[in-house]
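Student: I am new to this structure. Can we walk through how to read it?
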Amino acid sequence: MTARWLVRRLVLGVLVLLLVSILIFLVTQALPGDVARIVLGKDATGEQVAALRHQLGLDQPLVTQYGRWLGGLLTGDPGVSLQNREPVSEILGPRILNSFTLGFISMLLILPLSVVAGVLSAARRDSFADKAFVAVTSLSMALPPFVVGMLLIALFATSMLGVLPGVSDIPPGDLPWWHPAELVLPVATLAFMGVMYLGRLVRASVIDALDSEYVQMAVLKGLSRRRILFRHALPNAIAASLPAAGLVAAVTITGVVVVEYVYSYPGLGTALVSAVNSHDLPVLQPCVLILAATYYLCNLLADILAAVGRSR
């Protein structure tokens with residue numbers, strides 16, 4: 001990996017995000033319904049609707065509207081919510097913190113648990129535990145996150161056990177880690193999905209490393225199985241799995257949309273769903289762009305890790 005390659009990828013990323021912003025703007029503008037009519041209600045007169053459209057700049061050409069919107073984003077002023085007339089930055093600021101807290105804690109659990117699960121399964125290859133792990137990972141990858149979330153709610157938040165809240169009701173202004181009980185089930189949902197995917201990749205990487213020639217040479221030298229596993233196979237397996245960890249981070253961050261909706265967690269996901277339902281474009285557009293930018297940055301991190309691994 002060279003500095004030129006990294007600069008080229010960053011420039012390409014800026015261009016990609018610019019194209020994504022154009023696509024987001026056009027798609028949201030094409031949503032059915034008149035924004036001014038939705039804000040004012042069905043009883044509003046034509047003059048009132050026309051006046052609000054002029055006030056919001058909706059009667060201007062799309063190019064002008066896009067330039068004003070993009071300029072606002074770049075200067076930190078994405079506008080005012082049409083639903084409650086509050087600045088979008090004040091609405092999304094705490095929600096961005098909530099969502100990234102959820103994703104960060106999930107990744108802190110996913111990475112070590114994936115390594116442990118993958119190594120233990122590979123070390124006992126073809127055993128009952130290994131076959132059970134493969135079966136569970138195959139089943140879990142076929143389940144969408146909202147199904148896993150509903151199962152966890154049914155198990156831990158209903159009369160079956162009733163030990164955890166099924167709704168993550170974090171009061172406005174409170175930091176999410178002040179309410180650890182409300183974080184348990186959303187984090188568990190994301191962590192479970194991530195561990196099942198990344199753990200299986202770690203297992204495959206460890207098995208490949210154990211079947212490699214240098215490990216076979218270590219076996220012939222009489223080294224212990226534990227030393228072979230942790231000194232020779234594991235470091236190479238982890239290096240091969242690092243790019244996948246970046247992809248898992250991307251899926252985890254963007255997957256919070258579904259998980260937040262399931263648990264009514266006050267993050268970007270619930271803000272996005274609410275903005276779609278109310279046709280609140282000033283809130284909807286930045287939400288989608290933030291998630292798209294995060295997804296791209298995580299994929300860029302995965303590419304960088306893969307390039308570093310190939311250069312070794």
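Tutor: Start with the order of elements. Read along the sequence, the chain runs α-α-α-α-α-α-α-α-α-α-α-α. Bear in mind that this is a predicted model.

Student: How many helices and strands does the secondary structure come to?

Tutor: It comes to 12 helices and zero strands.

Student: What percentage of the contacts with a separation of 6 or more comes from residues 24 or more positions apart?

Tutor: Such residues account for 72% of those contacts in the chain. As for burial, 41% of the 312 residues are buried.

Student: Which residues in helix 1 are buried?

Tutor: First the general idea. An α-helix has 3.6 residues a turn, so residues three or four places apart point the same way. Now the case here. Trp5, Arg9, Gly13, Ser21, Ile24, Phe25 and Thr28 are buried in helix 1.

Student: How do I describe a pair of packed helices?

Tutor: Two packed helices are described by the angle between their axes and the distance between the axes. Take helix 5 (residues 88–123) and helix 8 (residues 180–210). Their axes come within 6 Å and cross at roughly 35 degrees. Helix 5 passes helix 8 in a right-handed crossing. By class, their contact has 20 nonpolar, six polar and one charged residues.

Student: Which residues touch the most other members of the largest nonpolar core?

Tutor: In general, nonpolar side chains in soluble globular proteins tend to be buried together. Here the largest nonpolar core has 25 residues. Ile110, Val119, Leu198, Val206 and Leu229 touch the most other members. Helix 5, helix 8 and helix 10 each give two or more residues to this core. A second, separate core has 16 residues, including Leu92, Val257, Ala275 and Leu291.

Student: What does isoleucine 110 touch?

Tutor: Leave out residues up to four places away in sequence. Isoleucine 110 then touches Leu190, Ala191, Gly194, Val195, Leu198, Val248 and Thr252.

Student: And backbone angles?

Tutor: Most residues other than glycine have a negative phi. Aspartate 126 has a positive phi of about 70 degrees, although it is not a glycine. Aspartate 126 sits in the loop between helix 5 and helix 6.

Student: Is aspartate 126 buried or exposed?

Tutor: Aspartate 126 is exposed, because its relative accessible area is 56% and the cut-off is over 50%. Serine 264 also has a positive phi, of about 55 degrees. Serine 264 lies in the loop between helix 10 and helix 11. With a relative accessible area of 41%, serine 264 is partly exposed.

Methods: Residues are numbered from 1 along each chain as its sequence is written. This is a predicted model: local features need pLDDT of at least 70, side-chain atom pairs count only at pLDDT 80 or more; totals for chains, interfaces and linings use all residues. Side-chain values use heavy atoms; hydrogens and water are left out. Axes are lines fitted to C-alpha atoms, for helices over the stretch in contact, and angles run from 0 to 180 degrees between N-to-C directions. Helices (H or I, at least four residues) and strands (E, at least two) are DSSP runs, numbered from the N terminus. A crossing is left-handed if the near helix is turned anticlockwise from the far one by less than a right angle, and right-handed if clockwise. Ala, Val, Leu, Ile, Met, Phe, Trp, Tyr, Cys and Pro count as nonpolar, Asp, Glu, Lys and Arg as charged, and the others, Gly among them, as polar. Buried means under 20% relative accessible area, exposed over 50%, partly exposed in between (1.4 Å probe, protein chains only). A nonpolar core is a set of buried Ala, Val, Leu, Ile, Met, Phe, Trp, Tyr and Cys residues joined through side-chain atoms within 4.5 Å. Contact means heavy atoms within 4.5 Å.
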